[in-house]
Amino acid sequence: MPSRIAQPRLLLPLLLAGCCLATGTQAGDAKPALLAPLFQDHAVLQRGRPIPVWGHAQPGAQVQIDFAGRHITARADRHGGWQAQLPAEQAGGPYTLQARSGTATQTIGDLLVGDVWLCSGQSNMELPVRRTLNVDSEVSGANNDSIRMLRVPPSAMPAPQAGFGGPAAWLPTTPANVPEFSAACYYFARELQKTEKVPLGLINASLGGSRIEAWLSAAALRKADGASDAEALDVLAQYARDPRTANAHWGELWAAWWRGLPAAARAEPATDDQPWQPGAPGTGWRKAPHALGDYQQWGLPELASFNGMLWYRTTVRLTAAQAAQAATLWLGNADEIDETWVNGRGVGSSYGGADRHYPLPDGLLHAGDNLVTVNVLNTYAGGGLVGPAATRALHFADGSSVPLDDAGWEYRKVPLKAGTPPLAPWLSASGMTTLYNGVIAPLGDYGLRGALWYQGESNTGEATAYRAQLEALREEFRGQFGAGLPLLVVQLANYGAIPTHPVESGTAELREAQRLVAQEDAHSGLAVAIDIGEHSDIHPANKQELGRRLARAALHVVYGQAPAPSGPVPLSARREGDAVLVSFGDVTGKLLAYGGPDLLGFELCGAQADSCRYAKAEIRNATQVVLHAPVADPVRVRYAWADSPLVNLYDETGLPAGPFQFDVSAASN
C-alpha cells in the first residue's frame, strides 16, 4: 500500500477552525454572472501589467468589456466561458468596469488599480484583527479606503471549481469591516503602504487546521509526493464522480491500515480484529454513557485528558419494509474526524463540527440488527460523538426515522501508539487538494503582486515532505498567477514547552524546511517569528510585529529596496581549533546579545543521535559567533532548535536571528 496510507503519523493537533465546512458538494446552482465573482464593487486590480478578466455568457456570444476608456471584445466558448485581457494601467482610480453581451449588462464601480496580495495558510493567517493586541485602538483607527479586503469563503471540493463556495465581497477598510479580516494580512498591508503609496488589495484564502496538501492541486501533489499519494488521489477523483463508491473504497483502505497495526497498537490480541464488521471478535468494549457527548466529561480517568481515537458501535433493529427504503445515516457532530461504517461497509468520513448526513447505498440495510461503527479521531481538547441524541438516527425515504441511541453505544479506546489513521482525501483542512479546488482554483489568473504563506503547524514532524510540498506550492502559484510571483513565508512562531536541554523537534525541522525553501529562491522571503509567539498559545496576538516583518521582507524581495529582508542569517559554520565559528549575513549594524554577553540556544552535535549539547556562545565581532565545543568532533551546529526556544541573538534593527541547522566544515588553511 502507498506510504501515505500505510505509515501512521504521530497524533498532532489539527487546530480546528471556528467555522464548519461542508465537503464534497458542488458549488451552488445559481446562474453565473457575466463577470466572475472576483470582479465586484471596490475591487483592486493589479497595476503595471495586462489585467485578466473573465466570466460567463451565452455560448458563442460576443462580450464587450469597457474599462478606463478602453474597449475590448471577447467571445464565449461553447460552454459559455469567456476571458480577455485589459491593457495595463498605473496605480489609481476609482474606475468603472462594464461587460455587455446581448441584453445582459453588468457594471461594477469604485475599482482601484494598485498591488494585490494573496494571503493564504492556516489558523495564524486566518486569525482576525479582533483577536490581536490593542484591538480597540486598531479597529477604531481602521479608516483607509485604499486598502480593500476580500475573504474567499472556505470551501472544500473534490475537484477544481470555477466559482466560490459562497458569497464574497471586496470591502474597504473601515472599523466595521476590519475586525473579522486576517490580522497578518491587514497589518502587513498597513505597514507596506507606509512606503508603497499605492492602493492595496488583499485576498484572504485561509483555513484553520489546514495541511499544505489541501492547498495543492492533484497534479502538484503527485509531482511533489510521487507515488505516496497516488492511491488517495485516485479515490478523491472517484469521490468527485461517485461519493458512495469512494466512501466504500476508502473504508477498505482505512481497514487495511488498521489490520496492519501491531496488536498492541490496536489494544486487541485477535489477529482478525475488525471492529466495523458484524460478528467480528474483539474484547475491550465498554458501555458508553447514554447521553454520549464529550468523552473527557464522562468521569473516567482513562479518558479525562485523552486525545486520540475512540471506537463507537451500536445496533439498529429494522423491519423489512424499513430496510428496503432509501436511507440516510445521520450521525450528528463528531469531534474531530470520523470514519463510519454500516454493516461493514464504509459510508462516510468528515472533519469539523458539521452534522454528518451519509446517504447509504441501496441494499446495505437488512431486516433485523444492523451494525453502525464509528471511529472518531480527536487531537485537541474534548471530542467524540458530541451532538445531541436527536441528531443521530437513520432517516428513511418515507419521512420516518429510527434513533441510533435507543440500543445504547459501546466504546473502545485505541492506544496512542496506533498513530494517526489515514485521513480521507476529501476532508476540508486535512484532505488533499480540497482547498486548492474550492478556494484557489476559483481565483483564476487574477493579477497578483505576491503571496504570503503562514502555514505548517499541522504538518510538523514531516519536514522532508514539507520542503518539496512548499516548493510545489510556490511553483503552482507561479503557474496560475504568473512566473516569478514572489512568495513570503512566515517561519513558525515559538509555541510549546520551553526546553531545559537539547531536544528533537518536529517544529524545528519544519522551520528549517521553510528557511531552506525561502533561501533557495531570489523571489522568496522569510519572516522570522521565533520571538513573537506565545509558548502557551499557538495563536500569538502580536500580529502587528509580524505584519512589520512581512512588509520588510516584501520591500526587499519584491520592491528592491535596501533593508535586509529579515534579521541575521547564517552563512557558514567552521572549525577553529577547539571552537566553532558561525558567520552571519544580512546583519544591520552588528550582532547583539539581548540580556547579557552570553547567547542562548546554540548547540553543537556529534555524529551520533542524541549527541547535541548546549554550547557556550558569544559574539566575536559584528557578524560572527564563536561556540566552545561541549562535544568532541562536532559535525552540526543548531540554533533555537526546539518547539519554543528562548532566543537573544539580534542585530541593531531589533530583528532576531532565526532557527537553523548547519553542517560544520573543517578549519580553513
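Visitor: Which residues are on the covered face of strand E5, and which are on the uncovered one?
Guide: Trp 82, Ala 84 and Leu 86 form the covered face of strand E5 (residues 81–86), and Gly 81, Gln 83 and Gln 85 the uncovered one. In a regular strand the side chains alternate between the two faces of the sheet. Strands (E, at least two residues) and helices (H or I, at least four) are DSSP runs, numbered from the N terminus.

Visitor: Thanks! Before we go on, what kind of model is this?
Guide: It is a predicted model: local features need pLDDT of at least 70, side-chain atom pairs count only at pLDDT 80 or more, and totals for chains, interfaces and linings use all residues. Residues are numbered from 1 along each chain as its sequence is written, and side-chain values use heavy atoms, with hydrogens and water left out.

Visitor: Back to E5. How many bridges join strand E2 to it?
Guide: Six bridges join strand E2 (residues 51–56) to E5, and the two run antiparallel. Two strands count as paired if DSSP finds at least two bridges between them. Ile 51, for example, has Leu 86 in E5 as its bridge partner.

Visitor: And what does Trp 82 touch?
Guide: Leaving aside neighbours within four places in sequence, Trp 82 is in contact (heavy atoms within 4.5 Å) with residues including Leu 34, Val 53, Trp 54, Ile 65 and Ala 76. In the largest nonpolar core, of 163 residues, Trp 82 is one of those that touch the most other members, along with Phe 39, Trp 117, Ile 203 and Phe 602.

Visitor: Let's switch to rings. How many aromatic pairs are there?
Guide: There are 30 aromatic pairs. Rings of Phe, Tyr and Trp (its six-membered ring) pair if their centres lie within 6.5 Å; planes under 30 degrees apart count as stacked, over 60 as edge-to-face and the rest as tilted. Take Tyr 186 and Tyr 187: the ring centres are 5.4 Å apart and the planes are at 50°, so this pair is tilted. Both of these tyrosines are buried.

Visitor: What about Trp 258 and Trp 311, how do they pair?
Guide: Trp 258 and Trp 311 are edge-to-face, 5.1 Å centre to centre with 85° between the planes. Their pair links distant parts of the chain: Trp 258 is in helix H7 (residues 243–259) and Trp 311 in strand E12 (residues 309–318), 53 residues apart. Trp 258 counts as buried because its relative accessibility is 0%, and Trp 311 is buried, also with 0%.

Visitor: Where does the charged end of Arg 313 sit?
Guide: Over the ring of Trp 285, 4.0 Å from its centre. A charge sits over a ring if NZ of Lys or CZ of Arg is within 6 Å of the ring centre and within 35 degrees of the ring normal. The charged end of Arg 449 sits over the ring of Tyr 559 in this way, 5.2 Å from its centre.

Visitor: New topic: how many disulfides does the structure hold?
Guide: Two, where a disulfide is a pair of cysteine sulfur atoms within 2.5 Å. One is formed by Cys 119 and Cys 185, with the sulfur atoms 2.1 Å apart. Cys 119 lies in strand E7 (residues 104–121) and Cys 185 in helix H4 (residues 183–192), so the pair ties together parts that are 66 residues apart in sequence. Both Cys 119 and Cys 185 are buried.

Visitor: And which residues does the other one join?
Guide: Cys 605 and Cys 612, with 2.0 Å from S to S. The torsion about that S-S bond is about 105°, so the disulfide is right-handed. Cys 605 stands opposite Arg 636 in strand E33, and four bridges join strand E29 (residues 602–605) to E33 (residues 636–639), the two running antiparallel.

How values were computed. Buried means under 20% relative accessible area, exposed over 50%, partly exposed in between (1.4 Å probe, protein chains only). A nonpolar core is a set of buried Ala, Val, Leu, Ile, Met, Phe, Trp, Tyr and Cys residues joined through side-chain atoms within 4.5 Å.
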